[in-house]
Amino acid sequence: MGNGQGMEEQMGTFQPQEIKRLYKRFQFLDKDGSGQLEPAELFDVPELSQNPLVKRVFQIFDKDNDGKISFAEFITGLSSLYGNDEEEKLKFMFKIYDIDQDGFITNGELFKVLQMMVGNNLTDVQLQQLVDRTIIKADEDFDSKISFAEFKKMVKDLDVASKLQMQGV
Amino acid sequence: MDLLKDPVNDRQVKTLKPPPHRPLSRNLMFPDKLKNKPDWKLLRDHLQKEGRIAKEDLFKLVADCNKLLKNEGNVLYLQDPLTVVGDIHGQYYDLLKLLEPKVGGNPENTKYLFLGDFVDRGSYSIEVIILMYAIKLNFQNSVYFLRGNHECRQLTAFFNFKEECLYKYDQETYEMLMDSFDLFPLACIINSKFIAIHGGISPDLKSIEDIKKIERYHEPPRQGLFCDLLWSDPVDQEQGHLDTAWKSNEVRGCSWFFGGESANKFLQRNNLISIIRAHEAQLDGYRMHRWNGGQDFPVVITIFSAPNYCDVYNNRGAVIKFENNTLNIQQYQYTPHPYLLPNFMDIFTWSIPFVAEKITEMLYHILQTDIQDDDEQISESDIQQFKQLTKQAGLQKQSTTGSSQGAQKNTEKLKNKIKFVSTMMKMQRTLREERESIIQLKGACPDKRLPRGILMKGKDAINDQLADFNTAKSVDLINEKMPYAQIPQESIQIKKPSTQRKK
């Protein structure tokens, strides 16, 4: 699937005018005009400085893992969140926790991601106890980590898709 | 014991042992060498690590214990040496402490009488029940339970035991346990001198024979002798003064307060010297109600065995040790337990609303439109550059740069999208804040019934243990009341054996 073709499918989420707008915004964020978004260019948006998940989202958007977000990656990342595809949204949510994106949420990954959000409100021991218990609950095949299928089962009552509902109702 | 593994070696807190990954196997729980009795020590350690047992094994454990309970009368008769235990309320880690040799005594060589309230409030009620039933099965002639007011369908559904059953097992298991609680005896005479019950005495209690006449194998009624034994309280007055012999118990919303007059009358009539009971939290884990003056034996003794009740009362737990006709109190401090989120929430249920909110917030800030921004201001060179980068020649044909009305519509659409995103953001933030307000991150109240806001103010303002206790107690007072009848009072009748009334 070539880059252009994949983009077209993703573009289906957005109208041409919207894409224009997104491109203008992309340019605005791309302070050094390099054509790519570097981490600092996102982290420097003032309102994002307090958001603990900016780095995670950046890494998820950065599909080719080159440390930068191209416009194509920008649009692709946004469309999985702006579309109506429930599975896409669940996958995105899964990727938040699956740091190395190997398709499994491990004990350490779950701990690290929670720690980003919880800060000093819990001790390490308390957080570890919650992590261990969650993995035991989710882990059906006894491999001590959480696959996407196991994740979907755990969150099926949470209606993740509607929580990530970016389109108008 | 099969603990949770760490396959990619990335588990962070390596000094903490993880819980067992699987339930305890049947042949370990009921080893051949014990001939149908459970290995209570293995269970004790397994449960301490937050291990589970399979539903079938729990059913077998309870069924075996029910056989013993059915052979016990409404009134037990025990002699010292004996350890008497008050409310435990699901505090498994504190139960482990009180079973230690230096506290209550090793069950292998200690006789035990538990006064009820094993479940609710704390979050390890299932573990408490499993261990206690296992111990009783191993020491049939030296471990006894009485029924507390929480051992019933009404309270366990209102508080958190039912929830715990549904989380760890299912509805069938919950109902099975309710039927088992129906079998618990109601009172005990110790050394022919003391009467032990969970709550207190009753205007309908003239003689011990009255208790024996009760048909006990069902949900306790909302009034009458059966109810009073589990619910009534001694008056909170130094001398036990009460205007009338019995006063309506407004704290409980049912049953009575009794004072010295009623208590002494009952004790004298039945040749007893004191009422041993539980049912009320005590700062020191016990209270001597010396209504007949300092020199005399206390008319009532309250014993309370759940230290740091609800994680906030900051009290000691205590047990009574009867030996050679003397009575000693052994106190103990709270034992920390593993951290739990309210409702046994898992990490995803807890964090996903927050994650969704933060993502929405991020997109809002990344994509926010400049108010001045206008389609007309998008230059031709921008469009060319855009074309090059996106290679969207096909889509371009459909572009509406020619029609300003069409362009207007699309601008509106995008602006509305962004407006919607910001509304969603606000809503999710409110939802998350509401949820987090019930999560006390330092010393979580297990059953979420304690109104925390007031408690937190109290704790900040005062640094005094007694004040803490009193603050907690006054704030928790609503939870000492009998809940309004929400569920039908009929319970599932089990077959009554013909030899119910034994002495």
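Modeller: Before we start, a residue is called buried under 20% relative accessible area, exposed over 50%, and partly exposed in between. Please also keep in mind that this is a predicted model.

Biologist: Let's switch to chain B. How many helices and strands does the secondary structure come to?

Modeller: Chain B comes to 17 helices and 14 strands. Of its 503 residues, 57% count as buried, and its accessible surface is about 22300 Å², with 49% of that belonging to carbon and sulfur atoms.

Biologist: What share of the contacts in chain B with a separation of 6 or more comes from residues 24 or more positions apart?

Modeller: Those residues account for 75% of the contacts with that separation.

Biologist: Pick a helix, say α7(B). Which residues are buried there?

Modeller: In α7 of chain B, which covers residues 161-168, the buried residues are Phe161(B), Glu164(B), Cys165(B) and Lys168(B). They are on the same side of α7(B), because they cover an arc of only 100 degrees around the axis.

Biologist: Why would residues three or four places apart point the same way?

Modeller: An α-helix has 3.6 residues a turn, so residues with that spacing point the same way.

Biologist: And what covers the buried residues of α7(B)?

Modeller: The cover includes three helices of chain B, namely α5 (125-138), α6 (153-158) and α8 (171-181).

Biologist: What about α3(B), how far apart are its end C-alpha atoms?

Modeller: They are 22 Å apart, which agrees with the 22 Å that the 16 residues of α3(B), residues 55-70, should span at 1.5 Å a residue. Among the buried residues of α3(B) are Leu58(B), Leu61(B), Val62(B), Cys65(B) and Leu69(B), but also Asp57(B), Lys60(B) and Asp64(B). What covers the buried residues of α3(B) includes α1 (26-29), α5, β4 (143-145) and α8 of chain B.

Biologist: Now the strands: which ones pair with β13(B)?

Modeller: Strand β13(B), residues 317-323, runs antiparallel to β14(B), residues 326-332, and seven bridges join them. Strand β2(B), residues 82-85, also pairs with β13(B) in the antiparallel sense, over four bridges. Val319(B) has Gln330(B) as its bridge partner in β14(B), while Val85(B) stands opposite Val319(B) as well. Five of the seven residues of β13(B) are buried, so this strand is largely enclosed by the rest of the structure.

Biologist: Which residue takes a positive phi in the hairpin of β13(B) and β14(B)?

Modeller: Asn324(B) takes a positive phi near 45 degrees in that hairpin, which has two residues between the strands. Glu323(B) stands opposite Thr326(B) in β14(B).

Biologist: Last one, what does UniProt place at residues 146-151 of chain B?

Modeller: An unreviewed UniProt entry places the feature "domain: Serine/threonine specific protein phosphatases" there. Over residues 146-151 of chain B the chain is 0% helix and 0% strand, with the end C-alpha atoms 10 Å apart.

Technical notes:
Residues are numbered from 1 along each chain as its sequence is written. Chains are lettered from A and ligands numbered from 1 in the order in which they are written. This is a predicted model: local features need pLDDT of at least 70, side-chain atom pairs count only at pLDDT 80 or more; totals for chains, interfaces and linings use all residues. Side-chain values use heavy atoms; hydrogens and water are left out. Buried means under 20% relative accessible area, exposed over 50%, partly exposed in between (1.4 Å probe, protein chains only). The arc is that of the directions from the helix axis to the C-beta atoms. Contact means heavy atoms within 4.5 Å. The expected span of a helix is 1.5 Å times one less than its number of residues. Accessible areas come from the Shrake-Rupley method with a 1.4 Å probe; for residues, only the protein chains shown count as cover. Two strands pair if DSSP finds at least two bridges between them. UniProt positions are given in the numbering used here, feature names are shortened, and annotations may be inferred rather than shown by experiment.
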